[in-house]
Amino acid sequence: MNSIKVVREVGQVAPLPWRVAAAGRGRRNPLAIPVVPACAAFLWGALSLAAFGQHAGALVGGVTRDSSSGKPLPEVQVTAHNLNTGIDRATASNTDGVFTFTDLEPGPYEFEAIKEGFRKSSAGAQIGDLEVASVDLPLELAVDLSRRAEKVNDPPLTEREKEMLSRIERLERRLAAMEASISTDARGPQSQPGQLAPAPAQPGVGKTRETRPLVASLNPIAAMLRTALSPERSEAPDTVQTPAQQQGGKSGPVATPPTPIASPVHRLPEALEAPEPPPSPDNFTPFAFGDFSWLNGSARTKETVLDTKFFTPEIRFDTHFMEDFNQPIDHTIVGSTESFRSGEVQIEQASVGGDFHWQNVRGRILFMQGLFATTTPRNDASSATYVGIGNTGGVGQWDLQNAYKYVSEAYGGYHFNVQHGLNVDAGIFVSYIGLFSYYNFDNWTYQPSYVSSNTPWFFNGVRVQWFPTNKPKIEPWFINGWQSYAKFNSHPGLGGQILWMPKEWLKIVANQYGFGQDNLGLPKTERIHTDDSIEVRYYNNPENLGLSKLAFSLTGDAGCQYGGGITCRGGANRSAFLGFMLYNRIWFRKDLFAVTMGGGHMTNPGRYLTLLPPINGAWAASGTPYFTENPGQQAHMWDSTVNIQYMPRQYITWWAEVGYRHADVPYFAGRGGVTPPGGNNGFPQYYTCSSGATSGTANLAAAEVACGGGLGSIWFPDLRRSEAKVSLGVMVKF
């Protein structure tokens with residue numbers, strides 16, 4: 001029930017009840033804690049200054065709150081309706097839910113609070129002259145009463161919050177005592193039976209009308225009041241008449257000390273304020289009903305260090321050391337999109353960016369520095385359009401690889417309030433094919449199997465994300481091609497994802513791709529691909545010092561290319577892909593440690609998804625005569641990995657890993673490396689002479705002639721069938 005408390009004497013200020021609002025979902029927003037002292041300061045300052053100043057009318061103030069959670073509600077329209085005169089006064093509560101009315105005429109009032117999404121709240125009271133009142137206007141959510149059963153109790157107050165509340169109560173008692181003492185002194189001695197009356201005031205001596213300004217000046221909380229009084233009231237002090245003036249004397253007026261008013265508060269713009277915490281439990285936001293931070297391919301961070309209504313930052317660092325037991329002399333690791341250099345400390349990723357969100361408009365950008373900025377674009381043959389010695393790839397003009405190389409994600413879009421959400425985004429966004437995330441911090445292992453490492457990390461195009469309920473997602477794509485900045489031929493790529501997470505312990509995802517013509521020089525060859533995964537958490541006891549979680553992930557991929565003389569099944573020009581990967585993860589000591597074991601296998605006749613070794617600086621557009629990727633050529637590979645992670649905080653992972661990979665053809669870098677004498681010569685598409693110079697031809701017989709010494713005059717890279725390496729590193733994400 002709404003209520004109003006009226007302070008019947010100016011010399012008393014009734015203590016106001018305070019409650020700390022919960023920060024939501026079992027966690028506390030660091031920006032929510034200051035609400036308690038801020039609200040206390042504002043109301044105490046308002047009531048003190050109003051009572052101690054020179055007002056002709058009453059002052060009413062209060063806080064608008066959510067009746068269910070007790071949290072202050074900002075931007076609530078509050079109206080004070082005088083039932084005698086019919087005059088309305090209106091104001092709005094600030095970001096702390098505080099509102100005030102000054103100089104209210106005496107009489108009966110009806111106070112009313114209105115905010116969209118809440119039921120109207122009202123309270124009535126009789127207001128007298130020079131009174132100070134506090135109003136309790138709780139607002140109830142305008143939802144079906146049946147949903148009340150979904151609400152849960154707010155989290156208990158922390159020790160810090162209890163201490164702050166105790167300080168406020170002690171301060172209230174001290175202020176009340178100070179006011180009573182000063183008020184008694186101002187009234188002076190009172191005549192008692194048998195005593196003489198006090199002497200009358202002497203001419204020329206000013207009459208003290210109120211002692212409240214002195215109390216206000218001593219009140220440290222009152223200094224925080226900024227907006228309770230209008231600016232006009234601080235322009236000139238009130239004056240009082242001396243007895244001489246009252247009798248026609250010539251003595252001048254005596255100024256009454258003005259009530260001290262602090263300088264205006266410079267509040268943060270609304271866009272920079274902390275967002276409202278979600279309800280607990282949140283059964284509307286997609287996938288917010290459970291904790292999915294255990295998933296392979298998803299970041300395990302549960303809290304954002306800094307967040308505003310407009311921008312949520314994201315920062316990532318990924319540094320590692322790897323040692324290839326083949327000991328290549330050029331320190332080059334072959335056949336991976338995560339492992340590149342041996343025997344060195346390298347920065348794989350250094351990214352800064354984040355998400356923008358305001359009035360349903362959304363955008364995301366994440367800049368990319370480190371090895372990823374070079375190693376990812378080199379696998380896209382469509383965008384190698386720059387002018388340079390030896391460049392034979394790309395489609396059309398403009399240097400797309402250098403235009404995009406430092407951006408891993410960049411898109412803008414709009415969120416439609418349809419069912420549980422509908423997003424439409426255009427730009428560069430991450431690919432979900434292969435289950436593992438583009439960013440290693442999110443994954444169970446550092447080096448994933450071929451099914452993930454050899455499939456797309458990003459798409460360039462348009463996507464639609466539709467959430468019919470809070471458990472599935474349907475996401476179609478219209479993209480340039482298979483991890484391509486440009487479009488290879490006349491067809492764009494079409495695809496999409498269906499994601500279903502009905503329980504906190506289960507994830508099922510299916511990614512499909514087709515229609516794209518993703519080969520340079522093959523305009524009639526199309527590609528299709530399916531990538532399907534399941535993840536299951538089959539044990540969960542997060543507070544256990546022994547085993548705290550157990551989970552596995554299983555992924556299967558199949559695809560092929562067809563058209564233009566290439567076939568999916570049989571024949572000399574077969575071009576197909578079939579692979580799987582399986583991982584099992586064990587968490588220990590309340591998720592402080594985790595061990596993951598697993599691996600996978602791929603069969604790729606035609607080698608169109610086999611990563612090209614960087615022999616003599618070769619990239620996807622150039623090719624190399626030392627490892628060709630023609631239809632019908634075989635490539636069978638498998639791998640296994642053991643990874644251990646130490647996670648003392650949700651924002652950091654220390655890790656170590658041992659891995660082994662094998663191929664049925666020479667593929668991995670051996671001791672001799674894959675760099676010719678003297679370094680890359682700029683012509684990776686040709687054979688290289690033993691001197692390091694280019695032969696100028698991709699025909700071996702012609703190269704022998706050009707190099708002038710038969711087969712012995714040709715340089716060959718040292719390729720092996722297997723690779724074993726040990727790695728360790730640290731990854732950070734904010």
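I started at Arg 316, which is buried at a relative accessible area of 5% (buried is under 20%, exposed over 50%, partly exposed in between, with a 1.4 Å probe and protein chains only). Before going on, I noted that this is a predicted model, where local features need pLDDT of at least 70, side-chain atom pairs count only at pLDDT 80 or more, and totals for chains, interfaces and linings use all residues. Residues are numbered from 1 along each chain as its sequence is written, and side-chain values use heavy atoms, with hydrogens and water left out.

**Entry: salt bridges**

I looked up the partner of Arg 316 and found Asp 442, with the closest N and O atoms 3.2 Å apart. My cut-off for a salt bridge was a side-chain nitrogen of Lys or Arg within 4 Å of a carboxyl oxygen of Asp or Glu. The pair links distant parts of the chain, 126 residues apart. Arg 316 sits in strand 11 (residues 311-324), while Asp 442 is in the loop between strand 15 (422-430) and helix 7 (450-453). Helices (H or I, at least four residues) and strands (E, at least two) are DSSP runs numbered from the N terminus. Asp 442 is buried too, at 7% relative accessibility.

Next I checked Asp 355 and Arg 364, whose side chains meet in a salt bridge at 2.9 Å, N to O. Asp 355 is partly exposed at 23%, whereas Arg 364 is buried at 9%.

Then I went to Lys 725 and Glu 723, a salt bridge at 3.4 Å, N to O. Lys 725 has a relative accessible area of 5% and is buried; Glu 723 is also buried, at 2%. Salt bridges that share partners join Glu 314, Arg 316, Asp 355, Arg 364, Glu 409 and Asp 442 into one network. I get 20 salt bridges by this rule.

**Entry: cavities**

I count five cavities of 30 Å³ or more. On a 1 Å grid over the protein atoms alone, a cavity is a set of points where a 1.4 Å probe fits but cannot get out, and lining residues have an atom within 4 Å of a point. Points are joined across faces, edges and corners, and a volume is the space filled by probe spheres set on them.

The largest cavity has a volume of about 70 Å³. Glu 723 and Lys 725 turn up again in its lining, which also includes Gln 447, Asp 639, Tyr 660 and Arg 661. Strand 24 (636-649), strand 25 (652-663) and strand 30 (722-733) each give two or more residues to this lining. Strand 25 gives the most, with five. By class I have two nonpolar, five polar and five charged residues (Ala, Val, Leu, Ile, Met, Phe, Trp, Tyr, Cys and Pro are nonpolar, Asp, Glu, Lys and Arg charged, and the others, Gly among them, polar).

**Entry: second largest pocket**

A pocket is an open set with protein on both sides within 12 Å along at least five of seven lines. The lining splits into 16 nonpolar, 16 polar and six charged residues.
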